[in-house]
Structures are given as structure tokens and as C-alpha cells.
Amino acid sequence: MSPAILVEPDAEQKLAILGAEAGDEVSDQRVDSAREPGSAESCDRIYEAKRERGQPARLLKVLQTNSCRFACKYCFTSCLIRRKRTTFKPDELATTFVSLHRAQRVDGLFLSSGIVPDANTTMEKMLATVERLRIRDNYRGYIHLKLIPGASFEYIERAVELADRVSLNLEAPNQTRLSELAPEKEFETSMWGRLAWAAELIRRARAEGRTAARSITTQFVVGAAGESDRELLETVHRARREVAVWRAYFSAFHPIARSPLAGQPAEDPVRVLRLYQSDFLLRDYGFSFSDLPFDEHGLLPRHITPKQAWAERHLQEPIEVNRAPRGNLLKIPGIGPRSADRIIKARREARLRDLSQLQALGVTTRWASPYILLDGHRIPQQLGLWS
Ligand code: SF4
């Protein structure tokens, strides 16, 4: 029998493989191929992301390699699953990205990687790719770079210097839950500790007027390790205070064929929605952690939003929309930061007297009406709630 000839995939084939596997990151939405007429196969891995001020960006999301020595039970790239493995050389990936960028098919890069043979070697390759882009190709656009758990300080430092955003996925709220999902991973030092380094490096760079990444994000797998909503949100709350995490993403667990969790059910996407809503209440609405409506098992209600559940328990008297301070407006279901600001502006001009005015200001009136007074009057169809 003649010996097998191994053919190295070309850059386009690597992009198809390594772009597909980067898709499990939920920080961005895939751009509908219908909106990219004439796009080639390689452009199916482009995602739309929001930057800190909300501007959209089309990101090429890709792995440096899909080889990994870790056996995380929720991950398609895990070494437990037999499959085709390939690696981009730094030059090759930088060149591929630059050609897509020059063709105006992408605005930015999201670079992640499997870990092989160790954290530092992996980060070296990723940083070499980014250095080629920044230095050789003079690319000044957006780069989101993953930090590899356990990487040494100098690699985290260089990542913070070169990228616009860095992230490290905590995956679980604490070591106990993480051990269920990723037995080889260590939470406090290798993961949390690296986020803390990044936060401190960014803080110092800003204080000294140096360029540095503008934000840090993280991600959690939801529903694979028996964790409660309270555990997840406590960790997010702590991450925001202690390691300056700008945004936490939640990824509903979905079982992967041939993985150790293949028989476990997929997580309900409504649970993920409730986690995001609760996190926004803490971040943007002035709610405190003790306001969140957990049940005795640390779970949020699924049939109503966390704000509606809070209002059912705490808003005993209707709130006068024409007088309430912004903080109180934000406690009313159906009123968000933007509609609260619009209400405050509009009521300086004239008193608000009916629901259509609130609707025009962006209020979800079917949620708000049980809890408000408009110019001293309850909303007629809701009289029963306080009678
Ligand atoms: S270390 Fe990352 S890429 Fe490797 S198996 Fe775990 S989650 Fe997947």
C-alpha cells in the first residue's frame, strides 16, 4: 500500500475550519449572509459586534488553532472529540485578514485559540499575528484578543498594549462549578488572576496616558454545571467591581455529539434572557444585588422579567410619572434608561397626561400602566390593582 500523502489545507480552507469553531463565542451576532451579496465561503465567519459606544463592526472571528490539549466538556474544540485539526501560522492569518479588510469585507478581528502545547506558546502565536497586523501591515482597526488562562504576565501586558478589547471566558461562576465542566482549569489564579492583571494594566496605562485596550469582557456557559442564577450573577457583579469587566456574556449550554455531556439537555434560552435582564438592572438601572428576585434555589422567574417580579413585590403604590426622579422611573417595568431620559425632557415642556405620549417616548405601556399615575390619575383599565 502506498503511504498516505498529507496535504496541508490552504488559507481559505483553514479559515472555513477555524472560523466555524470560533462561532461559539456569543459576544457578537453572525451577519446574515443575505446581507453580504456575493460573499465567498470565507466571509461566512463574519459577525456583527457592538463597540463600547454602540457603533457596529463586522468582525472576522477566527481561532489561531483548533488543536487543544484541554478536555472541557462543553467545547467542540476539546481534545476529547476526534476531528480535523489545523493551525494558522501568524503570517498566514495576518495576510488573510488584511486581504479581507482591504476588500472592505471586515472592519475588525476577533482572535481566539485552542491551547496547545501550553498557555504561553499559544499566546505567543496569537500575539505574533496581532503584531504583524499592527507593525508590518500598519493596521489600526479593531482587534478583540482572547487572553489564555494561565498565560504569563508579559503576554497579558502585550495583549493589553495591542488590542482594543481583551477577554477571558470564566465559563463558570466558581471553582466547584468549573471543575464539573473543565476539570483541568483553575479558576482563581489562572483565570480571575489574569483578568485582574489586565484590569490593572489598563488602569495604569490610562493614568500614564498610554494606549491600551478599552474594555474587558467575559463569558459563562449556562446550564451545564447545575449552577444557580444567583451564583452566576454574584460572580458577574464581583467581576464588574473587582476586575473591571465591562460586559458579561451568557451562552446557553447545548450538548455536543460525542462529548461527555452529549446526553444532557440544552439550556432554555429564556434563562439566558433573564440573566441578561438582571445584569442590566444592576449595571444600568440602579438596582442592588439584594433587589434581584431569586427564589429559594437561587433561580430567577422565567415567566416574567426580573423587573416585573421586583415590581410585583415592591411597587405597592403607583408612581407619578410627571414628578418621579430618574431612579424611580427606572424601577417601573417598561421604562428603560433612554425612555426615562426622554420622559424627563418631555415633562419640562408639558405635563404628561396619556399613554400615547409615553408610547411615543419609547415606554412599553402595557408593562408600565399598572404601576404609574399620569397627572394624578391611575390608568383606567388597571384600577383593580390598587382598589
Ligand atoms: S481550553 Fe478552550 S478551546 Fe480548549 S477545550 Fe477548553 S474551552 Fe475548548
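How many residues does helix 8 have, and how far does helix 8 reach from its first C-alpha to its last? Helix 8 spans residues 269–284, which makes 16 residues, and it reaches 22 Å end to end, counted from first C-alpha to last. That's close to the 22 Å expected at 1.5 Å a residue. Keep in mind that this is a predicted model.

- Some of helix 8 is tucked away: R274, L275, S278, D279 and L281 are buried.
- Look down the axis of helix 8 and those buried residues fall within an arc of 150°, so they line one face of the helix.
- Here's a handy rule: an α-helix has 3.6 residues a turn, so residues three or four places apart point the same way.
- V270 and D284 sit on the other side of helix 8, and these two are exposed.

**What's around helix 8**

- Just after helix 8 ends, G286 takes a positive phi of about 75°.

- Three strands make up an open sheet in the order 9-10-11, and their pairing is mixed.
- Strand 9 (319–320) and strand 11 (377–378) stand at the edges with a single partner strand each, so one side of each has no neighbour in the sheet.
- Strand 10 (residues 372–374) and strand 11 run antiparallel, joined by two bridges.
- Zoom in on L374 and you'll find its bridge partner in strand 11, H377.

Technical notes:
Residues numbered from 1 in each chain as written. Predicted model: local features only at pLDDT ≥ 70, side-chain atom pairs only at ≥ 80, totals over all residues. Pairing = 2+ DSSP bridges. Helix = DSSP H or I, 4+ residues; strand = E, 2+ residues; numbered from the N terminus. Expected span 1.5 Å × (residues − 1). Buried ≥ 20, exposed ≤ 12 C-beta atoms within 10 Å, placed from the backbone. Arc of directions from axis to C-beta.
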